[in-house]
Amino acid sequence: MICVSIARGRHRYMMAEHRHLVEQGAELVELRLDYIRRAVNVKRLLNNRPSPIIATCRRERDHGKWTKSERERLMLLRAAIADGADYVDLEEDIADQIPRYGQTKRIISYHNFEETPDDLLGLANRLASLDADIVKIATMAHDPHDNIRMLDMVKRAPVPTVGICMGELGTPTRLLTGRYGAPFSYATFHSERTLAPGQLSFHEMKEVYDYDRIGPQTSLYGVIADPIGHSYSPRIHNAAFRAAGIDAAYLPFRVPRHFLSSFFDDVPALGVRGLSVTIPHKESVLRLLTKVDKAADKIGAVNTVVFQDDGQIVGYNTDQKAAMASLLATPGLKGREAPLEGQQALVLGAGGVARAIVYGLVRHGAQVTIASRTLARAEDLAEQFNAKAVTWAERYGRRWDIVINGTPIGMHPNVEETPYEKQYLRRGMIVFDTVYNPENTLLIKEARAKECRVVTGIDMFVRQAALQFKLFTGQDAPRDVMRDEMRQATSPARRRSVG
Ligand code: NAP
């Protein structure tokens, strides 16, 4: 179950939000009484409530809004119990000042915005001993391993316990606490109104992750990255699992560079079966694998890891296959034998994506030239794959059959930028922009206007994710579902509303 926290300054807004959430499927809400600006009237909030509620009133020192006296706060919490609140949240230090009464269940809570303490089970035992029906422990994560410690505590705690790590590093606990036995997890009403660091919105927990479905049998997958906030992968993989009827969940794991190796040590305990790998781990992950597929090895970068049942940890690069499949589906190339043989291809950029694309193009017999801001990087890449390197300024130096953007130029929010000026675009030329946010970059728009044949970054992104899905599950991916999800996620309207 998901408990949605409501924090509004006025009774009527709180009640309206409560009704709205229940209409959206919420089964439990937390009313944050400390946010109400005038005298709190608990009875008014409880009368005709559309779902059970938790009454919570947080002090400023616990990152709440309550500024009046502690005596008044305790009176308010006692009133909530007397008025029949379904649950009341009592911090550890006041638990023995507020006795049990009537049907109201007691949540004994502990918050630590600094760290995740060592002895979490000892803490849970201590809170449980304060006449707790439920224990809530929320602590700040500084290490991905804190997730494992928190979830292990949830599993072993003596009473039903909600264990959550705060901050982006702790997101997995918000999604997995129920899998380990927590009676519910917390969400916020809207992603722009989080009450604790790293909190997810009710909509995300429900629609993207389908939180209530994640049980002990659910197979887990995810993406490792740092930062993680921008990743669209959870949306499209979870949508694909749902459409294919597979009991699996795909989570965002923020893993800072120096925690990569210890994160891999934790994978068996977490039960993760496969990972998408992105910046900054695509190269460094290689040393943690027991097997690497030939293309990934040649490219020197892995974007997919599969943890096999026999203990092998296998790395793949689906960017390369996806980029080539996207390119070869272009009108005029599709169905032709050796369609790229002898074609003059310009690759802009010399980073991870460019490497994968250069490798693929050379294997298909194209004549590849790399132009990059840092000439030395282009030269290194060219030398490795038998291509040519030119300076960034020389990218207009000849008539190309294919131009591929492997730089982030044109990516949101810099949508007015293009890596290749329109006067150099020619009718019939193939223009492939790997940037997928937005799909219609300035380069793509200008190429269309010049009647070039275009390939978009969304096409490639969906193909690489579909190949990952196949590696993860052995089944063909529902590509149309993934594409729709990706288009929705990157639409400007959605970016405005959700951020
Ligand atoms: P990366 O390893 O950081 O490489 C970026 C490359 O772009 C570097 O060569 C960099 O030059 C160059 N660059 C960056 N800003 C530039 C500028 N203003 N002018 C000229 N060159 C510039 O990144 P990556 O992993 O290859 O990703 C690059 C882009 O590919 C991403 O932004 C994303 O949009 C796209 N991508 C698409 C997919 C997909 O499936 N469609 C998948 C992954 C990535 P320096 O060497 O000088 O730094």
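Me: How far does a backbone N or O atom of Gly352 lie from an oxygen atom of the ligand?

Reply: The distance is 3.0 Å. This is a predicted model. A polar contact needs N or O atoms within 3.5 Å, so the Gly352 pair qualifies.

Me: Which polar side-chain atom lies 3.0 Å from an oxygen atom of the ligand?

Reply: One of Arg373 does. Thr434 uses its backbone instead: an N or O atom there lies 2.9 Å from a ligand nitrogen.

Me: How much of the ligand's accessible area does the protein cover?

Reply: On its own, the ligand has 930 Å² of accessible area, and the protein covers 80% of that. Two elements each give two or more residues to the shell: α12 (352-363) and α15 (457-473). α15 gives the most, with 4 residues.

Me: How many residues surround the ligand, and which are the closest?

Reply: There are 23, and the closest are Ala350, Val353, Thr374, Arg377 and Thr434. Sort the shell by class: 11 nonpolar, 10 polar and 2 charged. Then sort by domain. Domain 2 (234-316 + 461-494) and domain 3 (333-455) each supply at least three residues.

Me: Now Thr304. Is Thr304 buried or exposed?

Reply: Buried means under 20% relative accessible area. Thr304 has 0% relative accessibility, so it counts as buried. Thr304 lies in strand β13 (residues 304-307).

Me: Which side chain makes a polar contact with that of Thr304?

Reply: That of Asn303, at 2.8 Å. Now look beyond four places in sequence. There, Thr304 contacts residues including Leu275, Val277, Tyr316, Leu471 and Phe472.

Technical notes: Residues numbered from 1 in each chain as written. Predicted model: local features only at pLDDT ≥ 70, side-chain atom pairs only at ≥ 80, totals over all residues. Heavy atoms only, no water. Buried < 20%, exposed > 50% of the residue type's maximum accessible area, 1.4 Å probe, protein only. Polar contact = N/O pair within 3.5 Å; in protein donor to acceptor, adjacent residues only side chain to side chain. Contact = heavy atoms within 4.5 Å. Near = heavy atom within 4 Å. Areas by Shrake-Rupley, 256 points an atom, 1.4 Å probe, with all protein chains shown as cover. Nonpolar A, V, L, I, M, F, W, Y, C, P; charged D, E, K, R; others polar. Domains from an automatic or database assignment.
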